[in-house]
Amino acid sequence: MSLQPSTSVSAAKAKVLAKRPDDVVIVSAVRTAITKARKGGFKDTYPEHLLSHVLRAAYASVNLDPKLIDDISVGNVLPPGGGANAARMAALHAGIPDTTSLNTVNRQCSSGLTSVNQIANQIKAGEIDIGIGAGVESMTMGYGPSSMPSSFSPEVLTNPLAEDCLLPMGLTSEAVANDFSVSRADQDAFAAASFQKASAAQKAGKFKAEILPVKATILVKNKNGDEEEKEVIVDADDGIRDGVTKESLAKLKPAFAKDGTTHAGNASQVSDGAAAVLLARRDVAERLGLPIKGKFVFAATIGVPPRIMGVGPAYAIPKVLEKTGLTKDDVDFFEINEAFASQAVYSIRTLGIPYEKVNVHGGAIAIGHPLGCTGARQIATGLNIAKQYGARVFVTSMCIGSGMGMAAVFVSEQ
């Protein structure tokens, strides 16, 4: 697939592209490979170790003294023991001094983007000069019934919207498909395209620039059935499958409702991974001689009914475009998280975005969706795509469990 960036520049786009000393710029953006939970290359790797790798790479790859990093924010949805301790441990292990502060944040599937947004706003406010927004998730170690409380307040659950927050995500996908007439055939065609784009990109080496190879130890069974350790280099997304077609997906049984349309092949994969984005004020980056890959422009969040949480991008993207004065035609491409094909198709149709401008190298259905990581991963992917195709302005977006959406505008300066 070949992306054709727009050559016309509106007044609003020119304003976004203009460079100012107080811009929040992206100095580096890196991610691990995304691997299948419980089966893939990181199934035996702790999330804090994954996080340590990307935090170190974020500053070391640009020769930044880690003492100059003022603050770190880490998105994490399924954190053991509250999450902050493990993330702090990861930063210290990554060679970042104890004088650099850190917090974790959980806004479900947008946690990685929320962390980047937090750091960007701290820079805009003059609180810090340099910071890292990151995200990590080991769905191998954190995902499942054990991550849920045993009960909730009966009084709170008397509110129907509050009760809808407990709906399994698969049923929210079915609700979107039913309410907005997104057919099984359309979902399968979209999912197949995601696999096909990702497979083609992987074969052509198009992901390599954004992925940090990581040495990992996995447990494998020997001939006697005993587990033994094996060292591997994990440098490629292992959930991407070649040869997927809408016809092959049509053979899969619904996963959440007997007569439903959502199944394992048109929903995001359960995955492990981490990503980190190093941000700075432009004049500080220039003074330190740091490379500038692009800039953070603006982010917006919005709430939607929890029962149809997947529609979030259809509302968050117009909001962020309105705030920046841009139109969808000013945006060269969109990275929209594919939690489910139903909600992705609905959002793209509703917004009137050409499919060829969405998820150029495939999305979460093919690559995977480590919950806290995805928002930061999309930025690394977006900057990589922008460089390869000569694009300038891109938008990332995702739906959010419990009924929200988030979107952000970025500019590539590569």
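Arginine 38 counts as partly exposed, at 48% relative accessibility. The model is predicted. Arginine 38 lies in the loop between β2 (35-36) and α2. Its phi is positive, about 70°, although arginine 38 is not a glycine.

Serine 181 is another non-glycine residue with a positive phi, here about 55°. Serine 181 sits in the loop between α7 and α8 (184-203). Is serine 181 buried or exposed? Serine 181 is exposed, because its relative accessible area is 58% and the cut-off for exposed is over 50%.

**Helix α2**

Helix α2 covers residues 47-60. Its 14 residues should span 20 Å at 1.5 Å a residue, and the end C-alpha atoms are 20 Å apart, so the two values agree.

Which residues of α2 are buried? They are Pro47, Leu50, Leu51, Ser52, Val54, Leu55, Ala57, Ala58 and Tyr59. Both strands and helices cover them. Among the strands are β1 (24-31), β3 (71-75), β5 (130-138) and β8 (271-281). The helices include α3 (84-93) and α5 (139-142).

The geometry of each pair is set out below.

| Pair | Crossing angle | Axis separation |
|---|---|---|
| α2 and α3 | roughly 45° | within 8 Å |
| α7 and α12 | about 40° | 8 Å |

The angle of roughly 45° between α2 and α3 makes α2 oblique to α3. The crossing of α2 past α3 is right-handed. From α2, the contact residues are Glu48, His49, Leu51, Ser52, Leu55 and Arg56. From α3, they are Ala86, Ala87, Ala90, Ala91 and His93. By class, this contact has six nonpolar, three polar and two charged residues. Leu51, Ser52 and Leu55 meet α3 and are also listed as buried.

Helix α7 spans residues 169-179 and helix α12 spans residues 341-351; they pack at an angle of about 40°. That angle makes α7 oblique to α12. Here the crossing is left-handed. Ser173, Val176 and Ala177 come from α7, and they meet Ser342, Gln343 and Tyr346 of α12. Three of the contact residues are nonpolar, three are polar and none is charged.

Helix α14 is largely enclosed by the rest of the structure, because 14 of its 16 residues are buried. Its length also fits expectation: the 16 residues should span 22 Å at 1.5 Å a residue, and the end C-alpha atoms are 22 Å apart.

Arginine 377 is in α14. With a relative accessible area of 2%, arginine 377 is buried. What does arginine 377 contact, leaving aside neighbours within four places in sequence? The contacts are Arg31, Ile34, Ala275, Glu335 and Ile367.

Leucine 371 is in the loop between α13 (364-367) and α14 (374-389). Although it is in a loop, leucine 371 counts as buried, at 14% relative accessibility. Not counting residues up to four places away in sequence, leucine 371 touches Val77, Leu78, Gln108, Cys109, Glu137 and Met139. How far apart in space are leucine 371 and alanine 391? Their C-alpha atoms are 27 Å apart, and the two residues are 20 residues apart in sequence.

Definitions and conventions
Residues numbered from 1 in each chain as written. Predicted model: local features only at pLDDT ≥ 70, side-chain atom pairs only at ≥ 80, totals over all residues. Heavy atoms only, no water. Axes fitted to C-alpha atoms, helices over the stretch in contact; angles between N-to-C directions. Helix = DSSP H or I, 4+ residues; strand = E, 2+ residues; numbered from the N terminus. Parallel < 35°, antiparallel > 145°, perpendicular 65-115°, else oblique. Left-handed = near helix turned anticlockwise from the far one by under 90°. Contact = heavy atoms within 4.5 Å. Nonpolar A, V, L, I, M, F, W, Y, C, P; charged D, E, K, R; others polar. Expected span 1.5 Å × (residues − 1). Buried < 20%, exposed > 50% of the residue type's maximum accessible area, 1.4 Å probe, protein only.
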